[in-house]
Amino acid sequence: MSQTRILALVGSLRAASINRQLAEAAAQNAPEGVAVSIYEGLGEIPFYNEDIDVAGRVPAAAAAVRAAVADADALVLFVPEYNGTIPAALKNVIDWVSRPYGTGALKGKPVAVISASISANAAKWAHADTVKALGVAGAAVVEDATVHFGGIGTRFAEAHPSKDAEALAELAGALRALISTIEIAAA
């Protein structure tokens, strides 16, 4: 089998966010034969507007994320919780890549959702909203690839998640479940 390409989308736009650090840890510790790349530029994508989603007029940033999602074998979304729900930047990406409706780059794409929050709730509300939006958009959410990280302000205050053996094991488990889904679909 050729190299498996997993695209990571990080809901926090902050460069040093824990969700970003978790994505980095997943990318740095991906299994052999798997490349996890973190998509850059979510903040550059304009809000979805059907008036500009017209052939020949799609903004370059939106066309780029659509192409990146289409080229990936699977996605892993790293979801913080903003006011109890999914961050606007991540929801916006879901809107762009779900279109054209029924045939967008997200249709049937295996997706893992990993949530992390400073609260003990571990961004479970944002996770649920993300899973709902992905499902409506036509993605194949892999429930076995779910991870919730709570209390991240304390847990990762002193060290990057890549230094946390338990976090690495949980991320590896999510990636294995996602990869397994890809392999089953390919068979």
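Hi everyone, let's start at Ile 6, which touches Val 34, Ala 35, Val 36, Ser 37, Ala 74, Leu 75, Val 76, Leu 175, Leu 178 and Ile 179, leaving out residues up to four places away in sequence; contact here means heavy atoms within 4.5 Å. This is a predicted model, where local features need pLDDT of at least 70 and side-chain atom pairs count only at pLDDT 80 or more, while totals for chains, interfaces and linings use all residues. Residues are numbered from 1 along each chain as its sequence is written, and side-chain values use heavy atoms, without hydrogens and water.

Now the cores. Ile 6 is among the residues with the most contacts inside the largest nonpolar core, which has 31 residues. By nonpolar core I mean buried Ala, Val, Leu, Ile, Met, Phe, Trp, Tyr and Cys residues joined through side-chain atoms within 4.5 Å; buried is under 20% relative accessible area, exposed over 50%, with a 1.4 Å probe and protein chains only. Helix 6 gives this core the most, 8 residues. Helices are DSSP runs of H or I with at least four residues, strands are E runs of at least two, and both are numbered from the N terminus. A second, separate core of 30 residues includes Tyr 39, Leu 77, Leu 106 and Ala 133.

On to helix 4. Its buried residues are Ala 126, His 127, Thr 130, Val 131, Ala 133, Leu 134 and Ala 137. They sit on the same side of helix 4, because their arc around the axis is only 165°, taken from the directions from the helix axis to the C-beta atoms. Trp 125, Lys 132 and Val 136 are exposed on the face turned away from that buried side. After helix 4 comes Gly 138, with a positive phi near 100°.
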